[in-house]
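Please read it with the coordinates open.

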Amino acid sequence: MTVFEKAERLKNLPPYLFKELDRKRTELRARGMDIIDLGVGDPDLPTPDHIVEAMKDAVEDPDNHRYPSYSGMNELKDAVSKYFDRRFGVQISAETEVLSLIGSKEGLAHFPLAFVDPGDVVLIPTPAYPVYHHATLFAGGESFFMPLKKENNFLPDLEAIPSKVTQHAKMMFLNYPNNPTSAVADHGFFERVVRFAEKHSILVCHDAAYTEMAFDGYRPLSFLEVDGAKEVGIEFHSLSKTYNMTGWRIGFAVGNQALIEGLGAIKSNMDSGVFQAIQIAGIKALTHDQSCVKEMVEVYTRRRDLMVNGLKRIGFEVESPKATFYLWIEIPRGYTSAQFTTKLLEKGVVVAPGNGFGEPGEGYVRISLSQKSSRLEEAIHRMKSITF
Ligand SMILES: *Cc1c(COP(=O)(O)O)cnc(C)c1O
């Protein structure tokens, strides 16, 4: 035992499965190899000019240099409320049902601290964004994993959750459109979720980071569109993917007033809100005409089609996703996710091994469309030489 001994909550975290991959990528880069990184979920496109300009003006105004309000500027909460009405037809009270976040990850990670006690069960999809499980562990909760399987369209099978588990379950995480599988959920699914949550007294925490990144005219739903959803749930939104603002750190939570208050109470003891200049840029993003979102979607549509067609041409079975900038691909027989990822890395193509998002992700890799078309073409060219 030394003073450097880490706390149990850190020691209990599962191993970081991308560690070996990160090490190898760094090594190959250092050796001068040209690496095409399709591994990260971070848009390569810049933040639109009108948003950057709004930030520039706001940063010069001394009124914005002081502590912001914890819950967010009134203008931001108002912009969120109007966005929800316009986009989803859902009425959200700007005063009591919106909370600003330092990116939606921040809110997702803090939420269990407000509602999960040691021993409470949290229902968590797998494969998934790792934050749901880790935040549950930090709160002392116990994760029950709901596998997302291809035969169920990567939706959890709520009927398959044992009653022993539902009795002790306090909350459930969901994420549609989904990272990493790119699956989407329809109204019927969200309705089953809300009825399930009502029946078993379970909170629903829906991560909706990708609602605006959808193709071919498809418009993803807010879970709050279902009758009764606001009585059981909270939804997390992000400006990161919609407006290419991952580095800015701004998002928001909407939903049940008591849930918003609980999360707000945790946050007011952890942080002091979002820098006002960034909130003003966020207000600009939400209230300005949305042609930049349309352009972003067009870029990803072209890349998606290029990549899906290219992969099919070289022998992969790929479904064209309706949303997100990920392709969730079944790998050739005879490889594990890790082996296949290593094989691609040796050719200078980085993808994310599916098992890194949870055990049922084994047999898959996630390809992110966060590179320009010419690089995607080059990636397909390099992948062609891998034998099936
Ligand atoms: C990118 C992403 C987020 C957004 O995170 P921010 O903190 O808002 O940047 C949230 N959830 C998922 C599943 C994501 O992929």
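1. In what follows, buried means under 20% relative accessible area, exposed means over 50%, and partly exposed lies in between, with a 1.4 Å probe and protein chains only. The model is predicted, so that local features need pLDDT of at least 70 and side-chain atom pairs count only at pLDDT 80 or more, whereas totals for chains, interfaces and linings use all residues. Residues are numbered from 1 along each chain as its sequence is written, and side-chain values use heavy atoms, with hydrogens and water left out.

2. A search of the whole structure returns 23 salt bridges, a salt bridge being a side-chain nitrogen of Lys or Arg within 4 Å of a carboxyl oxygen of Asp or Glu.

3. Glu97 pairs with Lys230 in a salt bridge whose closest N and O atoms are 2.9 Å apart. Because Glu97 sits in the loop between α4 and β2 (98-101) and Lys230 in helix α9 (residues 229-232), this pair ties together parts that are 133 residues apart in sequence; helices (H or I, at least four residues) and strands (E, at least two) are DSSP runs numbered from the N terminus. Lys230 is partly exposed at 22% relative accessible area, while Glu97 is buried at 11%.

4. Salt bridges with shared partners join Asp34, Arg375, Glu378 and Arg382 into one network.

5. Within helix α2 (residues 19-30), Asp22 and Arg25 are 3 residues apart, about one turn of the helix, and their salt bridge has its closest N and O atoms 2.7 Å apart. Asp22 is partly exposed at 23%, whereas Arg25 is buried at 14%.
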